[in-house]
Amino acid sequence: MTLDELTHIDATKVFVNGAWIVPAGGQTLPVENPSTGEIIGQIGRGTSTEVDAAVAAAGAAMEGDWGRMTATERGRILMKMSALTLARAEDLAMIETLDVGKPLDQSRRDSVALARYLEFYGGGADKLMGTTIPYQDGFTAYTLREPHGVCGVIIPWNYPMQILGRGVGAALAAGNAVVLKPAEDASLSSLVFAAIAAEAGLPAGALNVVTGLGTDVGATLSGHAGIHHLSFTGSVGTGMRIQEAAARNVVPVTLELGGKSPHIVFDDADLDKAMPVLVGACMQNAGQTCSAASRVLVQRGVYDEVRRRMIGIYEGLVVGPAIGSHDLGPLVSRKQQQIVQSFIDRGKQELTLAAEGQMHPDAAPDGHFVLPTLFSEVAPDHALAQQEIFGPVQVLIPFDDEAEALRIANGTEYGLVAGLWTRDGARQLRMARKLHSGQVFINNYGAGGGIELPFGGIGKSGHGREKGFEALYGFTRVKTVTVHHG
Ligand code: ADP
């Protein structure tokens, strides 16, 4: 099947005010298949002209049919978008696999997750309420939860469908209009999503999708005076630039940035349950996950056993073309492959290499593959234990006791997710309180998952919360009303 047959759209156009338009100048950007390095299509290279038009259309939608719709009607449209997404889940999965190199079974999970986000937020639309406030005698005081207005949503390439689901789904459910800017390496599923929204009856202008370069379309959008809220998922450096741009317009911004998440194993852990999770929590999506558990902290009593068993799992991991649903696919681009490989090369010079996975014979030489790599006995302050690698690389760090585990776990500039394996209930509760992180998983680990679970970071992992019902609060602002009736 060709890409056009899968998408049913002309991806060189952008979606503005309910219509597909050719970007000014008619330029395009190539779509590369990361498994082969082949150019398989083109997307439109949007310009400030389309960003201006999209922001204006979103503003008009807020004043028009979309802004007047009841919460129940909005919820029903999201439910319909969910059903249409599920009906096309297989095509969407294939599109994502070709576009970003995600193994097909993982892409399938993403398209189903997109449908589930739309269902969750569709169901939440008419359950978002204000409060009444006990106040002075003779007054009634209450709050209204209002949409911000026009929301800019800028998403990365690692989980395009999940991240657009949690951002756009929540923003629309709360009554906002959206201008979505997908990553240049991963725009196809966002464009198909626009077609699904139109088919579901979403009014023109409520969702606009402008593809193009981050430094161009993304920068214009984040600095646009017509935007009322920005939400961004991506790298720390770009997040800082977006927050600076938002500050110039005094616009609120939600940032979900990187992580160096710790996965902590105590001597009393159920290792049979923990072992596959310890590895999977980083290897999924070839380590290209903000919440990847890239640091494995192990208490000395079980350190040798955990190390031995992790080596066994690593040696069985297979990297191959995404279409084959191997354990790992390629990384998204040549650039990412080079960045990750240089971390691995440095680790091989400075650290103890414990294990590597295997390259499948079908892995094309021009695909962006790297081998999963495990380093052991790593000092907590080494660069590979401090910096986000965004690839299939884990470091094993031994520790003696709970206090040391906490010190190491909290000893990076990030704080997105932490995982903990112990049967000691009191320790579970203590650690959950003391870990510097937006989520704590105890005897499980949910990298990237958990539609219902509020998610976000502290420190350089960002601020604001996405996912769960919490995201609906983030996409609204509170107005307080007092009535003096005597
Ligand atoms: P990466 O470096 O891995 O591509 P980024 O954080 O730069 O990750 O990209 C995430 C998203 O941010 C993408 O949609 C990208 O186009 C966009 N982006 C990149 N640079 C900017 C910028 N200066 N302003 C706004 N958005 C940007």
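I started with a term: a polar contact is a pair of N or O atoms within 3.5 Å; within protein, one must be able to donate a hydrogen and the other to accept it, and residues adjacent in sequence count only if both atoms are side-chain atoms. I'm working on a predicted model, where local features need pLDDT of at least 70, side-chain atom pairs need 80 or more, and totals for chains, interfaces and linings use all residues. Numbering runs from 1 along each chain as its sequence is written, and side-chain values use heavy atoms, without hydrogens and water.

I found a ligand oxygen 2.8 Å from a polar backbone atom of I155. For side-chain N or O atoms, I noted a ligand oxygen 2.7 Å from S235 and one 2.8 Å from T238. The protein covers 84% of the 550 Å² of accessible area that the ligand has on its own (Shrake-Rupley method, 1.4 Å probe).

Entry two: the neighbours. I looked up how many residues surround the ligand, and got 17 (near means a heavy atom within 4 Å). Among the closest are K181 and E184.

The ligand takes up the space of the largest pocket. On a 1 Å grid over the protein atoms alone, a pocket is an open set of points where a 1.4 Å probe fits, with protein on both sides within 12 Å along at least five of seven lines; lining residues have an atom within 4 Å of a point. A molecule sits in one if more than half of its atoms lie within 2 Å of its grid points. I counted 37 lining residues, with W157, F232, S235, T238 and K335 nearest the centre.
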